[in-house]
Amino acid sequence: LRKIIPKGTILDNFTQDDITLAFNHVNSYTREALDNTIPYKIFKNMYGDKILKKLGIKFIPFDELNLTPNLLKK
């Protein structure tokens, strides 16, 4: 998350939609610690699509990932 929201950034300026967007990008990126699996896919396999939709969690394709502060620039 620190790649998108640098340390020291005031979070009061972000909406819930901003935070959800940031986490959608973070959780669509593979993790070596998860055997190069995407956290989104692990969650989907465990809990299903219904809960993902209710939480507003979406998969972001690799070629659309943005893990920079520009993601939340308005």
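When I say a residue is buried, I mean under 20% relative accessible area; exposed is over 50%, and partly exposed is in between, using a 1.4 Å probe and protein chains only. With that in hand, take Asn-36, which is exposed at a relative accessible area of 52%.

Quick background. This is a predicted model, where local features need pLDDT of at least 70 and side-chain atom pairs count only at pLDDT 80 or more, while totals for chains, interfaces and linings use all residues. Residues are numbered from 1 along each chain as its sequence is written, and side-chain values use heavy atoms, with hydrogens and water left out.

Back to Asn-36, then. Asn-36 is in the loop between H1 and H2; helices here are DSSP runs (H or I, at least four residues), numbered from the N terminus. Asn-36 has a positive phi of about 55°, though it is not a glycine. Asp-35 is in that H1–H2 loop too, with a positive phi of about 60° and, again, it is not a glycine. Asp-35 counts as exposed, at 67% relative accessibility.

Now the rings. How many aromatic pairs does a search of the whole structure find? Two. To pair, rings of Phe, Tyr and Trp (its six-membered ring) need centres within 6.5 Å; planes under 30 degrees apart are stacked, over 60 edge-to-face, and the rest tilted.

Tyr-40 and Phe-59 make a tilted pair, 5.6 Å centre to centre with 45° between the planes. Tyr-40 sits in helix H2 and Phe-59 in the segment after helix H3, so this pair ties together parts 19 residues apart in sequence. Tyr-40 is buried, at 13%, whereas Phe-59 is partly exposed, at 33%.

Phe-43 and Tyr-47 are also tilted, because their planes are at 45°, with centres 4.7 Å apart. They are four residues apart in helix H2, so about one helical turn separates them. Phe-43 is partly exposed at 27%, and Tyr-47 is exposed at 51%.

Tyr-47 turns up again in a nonpolar surface patch with Met-46, Ile-51 and Leu-55, about 420 Å² of accessible area together. H2 and H3 each supply at least two of the patch residues. Ile-51, for one, lies in helix H3 and is partly exposed, at 32%.

How values were computed
Patches are made of residues with over 30% relative accessible area and no salt bridge: like charges are joined within 9 Å, nonpolar side chains (Val, Leu, Ile, Met, Phe, Trp, Tyr) within 5 Å. Accessible areas come from the Shrake-Rupley method with a 1.4 Å probe; for residues, only the protein chains shown count as cover. A salt bridge is a side-chain nitrogen of Lys or Arg within 4 Å of a carboxyl oxygen of Asp or Glu.
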